[in-house]
Amino acid sequence: MTVRPEALRGLDDFTVEVPSWAYGNSGTRFKVFTTPGVPRDPYEKLADAAEVNRVTGRSPRVSLHIPWDRVDDYGKLKAHADELGVAIGAINSNLFQDDDYRLGSLAHPHAGTRDKAVDHHLRCIDIMRATGSKDLKIWLPDGINYAGQDSLRGRQDRLAESLERVYAAMDDDHRLLLEYKFFEPYFYAMDIPDWGTSLLHCLALGERAQVVLDTGHHAPGTNIEFIVMQLLRQNRLGAFDFNSRFYADDDLIVGSADPFQLFRIMVEIVSVGAHRPESRVNFMLDQCHNIEEKIPGQIRSVLNVEKALAKALLVDTEALSAAQRGGDVLGAHAVLMDAYETDVRAALADRREARGLPRDPVAAFAASGYAAKAAETRVGGTQAGWGA
Ligand code: LRH
Ligand code: MN
């Protein structure tokens with residue numbers, strides 16, 4: 001299939017949001033590897049994220065995680081972001097690193113602990129106001145490890161009440177993005193294990209509560225694009241946390257483990273125009289670069305999402321629906337595979353060049369000397385990230 005430039009117009013205003021924590025050290029319970037030049041504070045994380053945007057022209061927002069990105073003056077951090085040409089994106093709360101939350105946070109049996117967790121979100125909402133962020137992203141790590149440990153229904157009722165208090169404290173132009181995960185850090189039951197549970201809580205809260213789909217948070221073999229379709233049908237797909245995995249929540253580079261799955265997800269997105277900014281679906285990355293260079297890893301991730309969307313935009317929708325209507329099983333499948341098997345890399349490089357961007361962003365970053373300069377100048381202090 002030849003790639004007609006006009007077929008890729010759907011890429012014009014498409015953006016990806018990158019996570020501040022991808023630039024810090026990360027690892028597994030076995031080891032956290034450190035590398036020279038890793039950022040030591042949110043200011044340096046933003047600078048690294050701005051490098052990704054400089055060479056890809058596609059990632060103008062950076063998600064923050066609180067307290068990992070705590071600073072004394074969020075107005076100053078916003079001004080720094082403005083100077084770098086990026087904006088502060090979703091504010092992520094953190095309910096998974098506090099001893100008080102051993103038995104839960106927003107769903108905890110004790111009202112005092114729930115109050116503490118709700119209060120953390122009120123602080124996050126203040127940070128949204130100071131940074132111009134419109135999205136409060138809550139991944140609920142709560143759950144239990146043994147049958148009978150707590151009432152499954154009681155936890156849902158307490159969670160619903162806590163979420164209502166957070167939602168009520170938000171401004172009218174704020175969104176609450178609720179992320180689910182089928183296991184870890186608890187293993188018998190997570191309190192928001194799946195898209196259905198997140199959706200039910202969002203429907204109970206109101207219009208501005210939307211579901212976050214993290215591509216690493218499903219049981220192996222789950223048809224994720226089906227969930228994407230269903231959440232779009234309900235108008236409740238608020239955001240993606242893109243990454244990829246072979247087994248569990250591996251947080252690897254999106255599209256590296258299963259590029260065909262990413263393409264199938266983008267086909268559902270394009271089929272209803274949800275790739276357009278007005279859909280307000282926030283396409284975010286949520287990854288950790290444990291062994292590979294972090295900025296090149298982020299650049300490759302943004303390019304993988306761009307490439308998957310480009311292939312999805314090539315699907316001959318007329319031929320597809322004709323084959324589907326006609327019950328032409330293999331014909332319909334072939335239409336999709338034609339688009340997927342089309343090499344769009346040259347067309348994307350041409351598009352970048354036409355927009356004054358490097359044809360090869362990875363090579364452009366390598367040639368910039370940015371990494372060597374960071375390793376040279378970022379001496380002293382404590383590197384950000386796990387184990388910091
Ligand atoms: C939980 C999660 C969540 C973030 C964290 C960094 O696994 O996906 O989105 O808070 O990773
Ligand atoms: Mn996530």
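1. Apart from neighbours within four places in sequence, Leu309 touches Gly10, Leu11, Phe14, Met266, Val270 and His275. The model is a predicted one. Leu309 lies in helix α8, and its relative accessibility is 0%, so Leu309 counts as buried. Between Leu309 and Ile265 there are 9.1 Å, C-alpha to C-alpha, at a sequence separation of 44 residues.

2. The largest nonpolar core has 98 residues; those that touch the most other members are Phe240, Phe242, Met266 and Ile269. The element that gives the most to this core is helix α8 (residues 294-313), with ten residues.

3. With neighbours within four places in sequence set aside, the contacts of Phe240 are Val212, Leu213, Val228, Ile265, Ile269, Val281, Asn282, Phe283 and Met284. There is also a second, separate core of five residues, among them Ala90, Leu177, Val212 and Ala239.

4. Helix α3 (residues 111-131) and helix α4 (residues 152-168) have axes that come within 9 Å and cross at roughly 30°. Angles under 35 degrees count as roughly parallel, and α3 and α4 are therefore roughly parallel to each other. Their crossing is right-handed.

5. Which residues of α3 and α4 meet? From α3 they are Arg114, Asp115, Val118, His121 and Ile125, and from α4 they are Arg158, Glu161, Ser162, Arg165 and Val166. Sorted by class, the contact of α3 with α4 holds five charged, three nonpolar and two polar residues.

Technical notes. Residues numbered from 1 in each chain as written. Chains lettered and ligands numbered in written order. Predicted model: local features only at pLDDT ≥ 70, side-chain atom pairs only at ≥ 80, totals over all residues. Heavy atoms only, no water. Axes fitted to C-alpha atoms, helices over the stretch in contact; angles between N-to-C directions. Helix = DSSP H or I, 4+ residues; strand = E, 2+ residues; numbered from the N terminus. Parallel < 35°, antiparallel > 145°, perpendicular 65-115°, else oblique. Left-handed = near helix turned anticlockwise from the far one by under 90°. Contact = heavy atoms within 4.5 Å. Nonpolar A, V, L, I, M, F, W, Y, C, P; charged D, E, K, R; others polar. Core = buried A, V, L, I, M, F, W, Y, C linked by side-chain atoms within 4.5 Å. Buried < 20%, exposed > 50% of the residue type's maximum accessible area, 1.4 Å probe, protein only.
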